[in-house]
Amino acid sequence: MSENGRDRAPHAYIDDLSGAGGTWLTSGAGGTGGAGRADGSGGAGSGTWWHAYRDVVPRWFETYLEVEPSASLVRVYEPEYVPGLLQTEDYARATIAAWHRGDPPERIERRVELRMLRQRIVHRRSDPPRLWAVVDERALRADVCDAATMRGQIEHLLKMSAWANVTLQVRPAAADAALDPVCLLRVPDRAYPDVLYLERPADALYPNEPGEIRHYLNILNGVVDEAPPPEASAGILHRLLDAL
């Protein structure tokens with residue numbers, strides 16, 4: 001990563017927040033299992049809001065977990081799965097179990113709990129982020145869970161897509177070949193650049209050069225253009241429900 005100017009993020013942004021005592025970085029007694037609150041309203045203390053789940057958090061995901069609760073905008077493209085911030089508990093459990101075969105049930109459940117805690121930022125009353133998600137239609141047909149779980153997931157997407165801070169588009173199966181997943185976090189302090197998160201099967205990348213950010217922003221804009229407008233999403237989701 002570059003050491004100059006706007007290319008400091010995401011690590012410098014985390015350091016600055018931590019030094020300023022940002023409440024979303026602290027842990028307190030009010031959180032689940034002793035963890036701080038992911039909705040940005042946690043109390044004073046030491047560590048991070050996800051500290052109680054550190055045994056199931058890979059090192060490469062720590063930076064993302066630190067930045068996500070402070071984002072004012074979350075843009076995500078997912079070709080194969082529903083984005084984590086929009087998953088139902090049952091869908092999360094099915095996909096996590098598929099990725100972590102052989103893990104004991106208690107570790108699967110801890111990962112599910114953490115994912116559900118992350119969703120508090122979308123539901124918070126004060127300044128929730130805008131979540132703009134583009135999901136490939138094939139992700140809603142994939143054999144990642146049973147029909148009942150997928151039905152519940154699609155019904156949940158229908159409900160969430162009506163929220164004022166959520167924009168959902170479904171990229172059609174006839175679109176160009178699927179791309180790799182991309183997530184962009186934009187923090188309110190524009191002294192810092194957008195934070196890119198590129199998850200891979202065994203790790204993740206955080207490109208932060210201006211040219212890289214522009215490249216992946218163009219990808220996100222491209223899948224938006226390929227998908228029907230957000231107001232068409234309900235009809236597509238109802239069609240997928242009827243096909244189950």
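The paragraphs below go from a strand to its partners and then to one arginine.

This is a predicted model, in which local features need pLDDT of at least 70, side-chain atom pairs count only at pLDDT 80 or more, and totals for chains, interfaces and linings use all residues. Residues are numbered from 1 along each chain as its sequence is written, and side-chain values use heavy atoms, with hydrogens and water left out.

Start at strand 1, residues 73–78. Strands here are DSSP runs (E, at least two residues), numbered from the N terminus. Six of the six residues in strand 1 are buried, meaning under 20% relative accessible area (1.4 Å probe, protein chains only). Leu73, Arg75 and Tyr77 point one way. Val74, Val76 and Glu78 point the other way. Both sets are buried.

Now look at the pairing, which takes at least two DSSP bridges between two strands. Strand 2 (residues 130–136) runs parallel to strand 1, with six bridges. There, Trp132 stands opposite Arg75. Strand 4 (residues 182–186) is antiparallel to strand 1, joined by five bridges. Leu73 has Arg186 as its bridge partner in strand 4.

Stay with Arg186. Its relative accessible area is 26%, so this residue counts as partly exposed, the class between buried and exposed (over 50%). Arg186 and Val74 are 112 residues apart along the chain, yet their C-alpha atoms are separated by 6.5 Å. Leaving aside residues up to four places away in sequence, Arg186 touches Ala71, Ser72, Leu73 and Asp194; contact means heavy atoms within 4.5 Å. With Asp194, the link is also a side-chain to side-chain polar contact at 2.8 Å. Such a contact is a pair of N or O atoms within 3.5 Å; within protein, one must be able to donate a hydrogen and the other to accept it, and residues adjacent in sequence count only if both atoms are side-chain atoms.

Notes:
Helix = DSSP H or I, 4+ residues; strand = E, 2+ residues; numbered from the N terminus.
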